[in-house]
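Here is a quick tour for someone who likes cut-offs spelled out. Have a look at the model first, then read on.

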Amino acid sequence: MHRTTAVLMGVCVATAACLYLPQLAELVGRRTLVVTLHEWSGLLLPAPFLLGLASRAFRADLSRLNRFGAHDRTWLRAALRRQPERPAGKFNAGQKLWAAWLAGAVLVMLGTGLLMWFTHLAPLVWRTGSTFVHDWLALALGIVLAGHIGMAVGDPEARRGMRTGYVRRDWAAREHGEWLD
């Protein structure tokens, strides 16, 4: 699910850049194809999540992501103070906040994108507002996605865990001690 979401989000970001930046638009050309790819990848973006709901493990992870405990508040305070000791369960507080923000952002992008795509559904003022929100949220998404990718590049063990489902015990103890217990 993560990889499919990443591919769809990557297509959305790349096509948005081609639609928004004239230099890239000239390089790529074929605006109609780029628009079609952008619209359909955006429309399909919630699909991996919805399909994942069929998995008991995914639903269990959603339950973990949806709960904020005392150790999460401690983790946030430690992260803000740049302290190395940060208690975390399977997901740390930063991952929980990222998941919540991304879920909301995808829904807002989907809603504003639909208003821009189906122009006959709303008055001009709504479409203008949708374009404003869609453009600025897309910029914010691009920035936080770059940070997300940067953090993933800096943590090969976390990437291995995403790829295989297994991590080293010492890494789990250091990064997600509450979960290991």
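## A buried glutamate and its network

Let's start with glutamate 157, which counts as buried at 8% relative accessibility. Buried here means under 20% relative accessible area, exposed means over 50%, and partly exposed is in between, using a 1.4 Å probe and protein chains only. This is a predicted model, so local features need pLDDT of at least 70 and side-chain atom pairs count only at pLDDT 80 or more, while totals for chains, interfaces and linings use all residues. Residues are numbered from 1 along each chain as its sequence is written, and side-chain values use heavy atoms, with hydrogens and water left out.

What does glutamate 157 meet in a salt bridge? Its partner is the side chain of arginine 168, at 3.0 Å from N to O. That pair links distant parts of the chain, eleven residues apart: glutamate 157 sits in helix H9 (residues 156-164), and arginine 168 in the loop between H9 and helix H10 (169-175). Salt bridges with shared partners join Glu157, Arg160, Arg168 and Asp170 into one network. Arginine 168 itself is partly exposed, with a relative accessible area of 39%.

## Other salt bridges

The structure holds seven salt bridges, each being a side-chain nitrogen of Lys or Arg within 4 Å of a carboxyl oxygen of Asp or Glu. One of them is between aspartate 61 and arginine 64, whose closest N and O atoms are 2.9 Å apart. Both residues lie in helix H5 (residues 56-65), three residues apart, or about one turn of the helix. Aspartate 61 is buried at 18% relative accessibility, whereas arginine 64 is partly exposed at 37%.

Another joins the side chains of lysine 96 and aspartate 72, at 2.7 Å from N to O. Lysine 96 lies in helix H7 (residues 93-117) and aspartate 72 in helix H6 (residues 70-80), so this pair ties together parts that are 24 residues apart in sequence. Both lysine 96 and aspartate 72 are buried.

## Cysteines

How many disulfides are there? The count is zero, with a disulfide taken as a pair of cysteine sulfur atoms within 2.5 Å. Cysteine 12 is in none, and the nearest cysteine sulfur, from cysteine 18, is 12 Å away. Seen from cysteine 18, that 12 Å to the sulfur of cysteine 12 is too far for a bond.

Are these two cysteines buried or exposed? Cysteine 12 is buried, with a relative accessible area of 10%, and cysteine 18 is buried too, at 14%.

## The whole protein

Zooming out, the protein has eleven helices and zero strands. Those elements are DSSP runs numbered from the N terminus: helices are H or I with at least four residues, strands are E with at least two. The C-alpha trace spans about 55 × 35 × 35 Å along its principal axes. Of the 181 residues, 22% are buried. Among contacts (heavy atoms within 4.5 Å) with a separation of 6 or more, 56% come from residues 24 or more positions apart.

As for the surface, the protein exposes about 12300 Å², with carbon and sulfur atoms supplying 66% of that; the areas come from the Shrake-Rupley method with a 1.4 Å probe, and for residues only the protein chains shown count as cover. There are 21 positive and 12 negative charges, and their mean positions are 4 Å apart. Lys and Arg count as positive, Asp and Glu as negative, with His and the chain ends not counted. Each charge is placed at NZ of Lys, CZ of Arg, CG of Asp or CD of Glu.
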